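Reader: Could you show me how to read the packing of helices and strands here?
Author: Gladly; let us look together.

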Amino acid sequence: MTKPIVEVRGVHRTFGAGPTAVHALRDVSFDVEPGTMVALVGRSGSGKTTLLNVIGGLDRADRGSLSVDGTDITRLDEDGLSRLRREKVAYVFQTFGLIPVLSAAENVGAPLRLARTPAADREKRVELLLDLVGLAAHAEQRPAELSGGQQQRVAIARALAASPRLLIADEPTGQLDAETGRSVMALLRGVVESEGVTALVSTHDPVMMALADRVIRISDGRLHE
Ligand SMILES: Nc1ncnc2c1ncn2[C@@H]1O[C@H](COP(=O)(O)OP(=O)(O)OP(=O)(O)O)[C@@H](O)[C@H]1O
Ligand SMILES: [Mg+2]
């Protein structure tokens, strides 16, 4: 057995206190095998974003243990969590989150700039990634000059730039029409193979679920496989 890249044990996350408290995660436990694509499915308000955020280090669990690529992230301080987000975990958001004044190529290269990757290596990596997501011909266009599906492809390329171990995508096709969404999902499926990354993707799309190696269902903060 290979060691899981994500290990979640007995995780709770509650917002607020007293009678109005929202139990967004209740005793959540599961593992993710490296190199797989896992779909996280559940109704609005079921806890998908909360779960992805505690795994990605954007939020903290109240109780339980969480390890990512062998690191117990509940023990990390803010600097440690920033390093985790810079080096091991990459995010793709529903709203793409690209920087409007930068070209597609500059957006993809941004994490490499942050990591002080030498310019020549950066350019090579950006070219390879834009090619991988089928946007080589659009490298110089700014986000507003790209379609929604193209913007999400740029966001996926950017997420992959610094070679993360784990890619977290929170409803990455939520703002796209069904057909464009499916092509973005197929792309994600492809990069799991070609980049050897592990992907954790929340979705409402049954087609997406079919592309995943495994589907985890969440309702009212509890997991059901
Ligand atoms: N920062 C917060 N403060 C208070 N309550 C929160 C906060 N974040 C989430 N919640 C609550 O936790 C529950 C789970 O929310 P979450 O965003 O994880 O759901 P979701 O499954 O991602 O929903 P959607 O499909 O609509 O994105 C909801 O009841 C939500 O109102
Ligand atoms: Mg959500």
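**Helices and a sheet**

Author: A104, N107, V108, G109, A110, P111 and L112 in α3 meet V154, A157, R158 and A161 in α5 (in contact means C-beta atoms, placed from the backbone, within 7 Å). By class, this contact has eight nonpolar, two polar and one charged residues (Ala, Val, Leu, Ile, Met, Phe, Trp, Tyr, Cys and Pro count as nonpolar, Asp, Glu, Lys and Arg as charged, the others, Gly among them, as polar). This is a predicted model: local features need pLDDT of at least 70, side-chain atom pairs count only at pLDDT 80 or more, and totals for chains, interfaces and linings use all residues. Residues are numbered from 1 along each chain as its sequence is written, while chains are lettered from A and ligands numbered from 1 in the order in which they are written.

Reader: How do the axes of α3 and α5 cross?

Author: Two packed helices are described by the angle between their axes and the distance between the axes. Here the axes of α3 (residues 104–114) and α5 (residues 148–161) come within 7 Å and cross at roughly 25° (axes are lines fitted to C-alpha atoms, for helices over the stretch in contact; angles run from 0 to 180 degrees between N-to-C directions). The two helices are therefore roughly parallel (angles under 35 degrees).

Reader: Which order do the strands of the open sheet have?

Author: The order of its four strands is β2-β1-β4-β5, with antiparallel pairing (strands are DSSP runs of E, at least two residues; helices are runs of H or I, at least four; pairing needs at least two DSSP bridges). At the edges, β2 (22–32) and β5 (71–72) each pair on one side only.

Notes:
Angles under 35 degrees count as roughly parallel, over 145 as roughly antiparallel, 65 to 115 as roughly perpendicular and the rest as oblique. Two residues are in contact if their C-beta atoms, placed from the backbone, lie within 7 Å.
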